[in-house]
Structure formats: C-alpha cells, structure tokens
Amino acid sequence: MTQPIIAISAGSLNKFSNITNHNFAQFAPKELKEAVIAAGGIPIILPFPEKSEQASELAERAVGLFDGLIFPGGPDIDPTFYHEVTTAETGHTNVAQDTYEIILAQKAKKAGKQIFGICRGMQLINVAFGGNLYQDLETQKVGEKLLQHQQSLPVEFPSHDVDFVKTSEFYKIFGEKAQVNSRHHQGLKNVAAGFTVVAQAGDGVIEAIESTDGLAAAVQWHPENMWRTDKKQLALFEKFVEKAAHQS
C-alpha cells in the first residue's frame, strides 16, 4: 500500500506571545499527527487564509494535494454558518477558519476524498453539508439528564460509553459499545442530509456520524488522545488511512 498523504486542517493560536512567530501561529495537534503516522499515513498541515475571499480558490487547489482530510478539534463554529443568532454560551470562534474549512469539506467530498472529523471537526462537517448544532448542550438540550461532556479527568482517560449502530463501520471496529473521552459543550442537533447517526451517548448526544456515500465519518470524542493505550482508537485512524490509500 502506498502511503497516502493525510491533510490536517490547521487550528490557530489566539493568545499574544512574546515570541513573534507564535502569534496566531497555525498548527496541528501533536498526538493527531503521531496517530496518522502510526496508522501509515504521511501528515501535512493545511493552514487557512486570513482573508475569507481567498478561501474558495485555495481550497480548490489544496484538494489536489492530499488523499485524505482530517478536521480536528478546535473553537466553536460561528452560528451564522447555520443561520442562528449567537447565544451567550457560544465560545471563541474564528470566521476565517470556518469559511475555509466549510468550503474545503465540500470540495474534498465532491472530489471523492476521504474525510474524518474529530469533535469540532464532526460539527464542522455537519454544518458544511446543511446540518446545525446545539450551541450549548447544557442550556439547549432541554429535558435531558446530560452526562459530563467536559470531563475533569485527563484526556487520555475515558469518561462515558457510546453505543454503535450495528450496520455502521464503527461497529466493525468497536462492537456494540466503547468507552470514550469527552471535552465539548456543543453538539449535533439536526444531522445533514446524506449523513446518518451511528453512535450516541447514554443521554442521546450524537457521538458519531457517517456519510451514506462512504466518504466521510466523524466522532465527537478525541481518539488522538487515546490511541496509544486503546488499539481500537488507533484502528479508527488505520481504517481511514487505508481508505484514503485505496482512493489515491
């Protein structure tokens, strides 16, 4: 198998630093990069343009550079992208990043590339294809006794279970149930057309989705923080890399 190129969409530091090159530097999570390597892929980082008017052209050209694309965790998605007014509970957003990643997701899927989303990445994929979000689970998912989705444990430890749909690709890896970590306050509300819910937490929060065309999958937890001790989490990356290699 030829090692596929796996692009990781970059996040951005947003705190001032005395080190000039650290100011608003764009980056990819270290453990995510290492997981891609362990799974047999070659990671590259795709930074986003500060000027949103450049997003479409750059995304179009970037799609030809990779075989698979990962959208990692990061800031909240600006609610204007799913036609809602921002509530007080929505945290830091980055419109430039949102603009680029939404266009990139659409163009990558249209080009037949494999896409994998993690936490914000799952939410981004859902919004990119017409879905929407709970801006804050605690205040908007009314009537549910929620689990702790912003765990106090270190991120390499699981905090709750998820249950998988038997017909899903995730079921082939995990079986009926898995223990996962959790560090998010937003979640999927209405799932985009062309995607199905394939895993949920005990409180009904959506934990994984798959596209019906087999090109995209995403999880709400952070497998990049668990793969070193949980081989099934590593298997998620291995399956993604394998699919990307076959389409390269």
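**Exercise 1: a strand and its partners**

Task: Along strand 8 (residues 160-164) of this predicted model, work out which side chains point to one face and which point to the other.

Solution: 
- Step 1. Begin with His160, Val162 and Phe164: their side chains point to one face of strand 8 and are buried, with under 20% relative accessible area as the cut-off.
- Step 2. Look for neighbouring strands. Strand 9 (residues 177-180) runs antiparallel to strand 8, and four bridges join the two. Here Val180 of strand 9 lies opposite His160.
- Step 3. Strand 11 (residues 195-201) also pairs with strand 8 in the antiparallel sense, through three bridges. Phe164 has Ala199 of strand 11 as its bridge partner.

**Exercise 2: two packed helices**

Task: Describe how helix 2 (residues 55-62) and helix 3 (residues 95-110) pack.

Solution: 
- Step 1. Two packed helices are described by the angle between their axes and by the distance between those axes.
- Step 2. For helix 2 and helix 3, the angle is about 40° and the axes are 9 Å apart. That angle makes helix 2 oblique to helix 3.
- Step 3. Find the contact residues. Helix 2 contributes Ala55, Ser56, Leu58, Ala59, Glu60 and Ala62, while helix 3 contributes Thr99, Tyr100, Ile103, Leu104 and Lys107.
- Step 4. Sort the residues of this contact by class: seven are nonpolar, two polar and two charged.

Conventions: Residues numbered from 1 in each chain as written. Predicted model: local features only at pLDDT ≥ 70, side-chain atom pairs only at ≥ 80, totals over all residues. Heavy atoms only, no water. Axes fitted to C-alpha atoms, helices over the stretch in contact; angles between N-to-C directions. Parallel < 35°, antiparallel > 145°, perpendicular 65-115°, else oblique. Contact = heavy atoms within 4.5 Å. Nonpolar A, V, L, I, M, F, W, Y, C, P; charged D, E, K, R; others polar. Buried < 20%, exposed > 50% of the residue type's maximum accessible area, 1.4 Å probe, protein only. Pairing = 2+ DSSP bridges.
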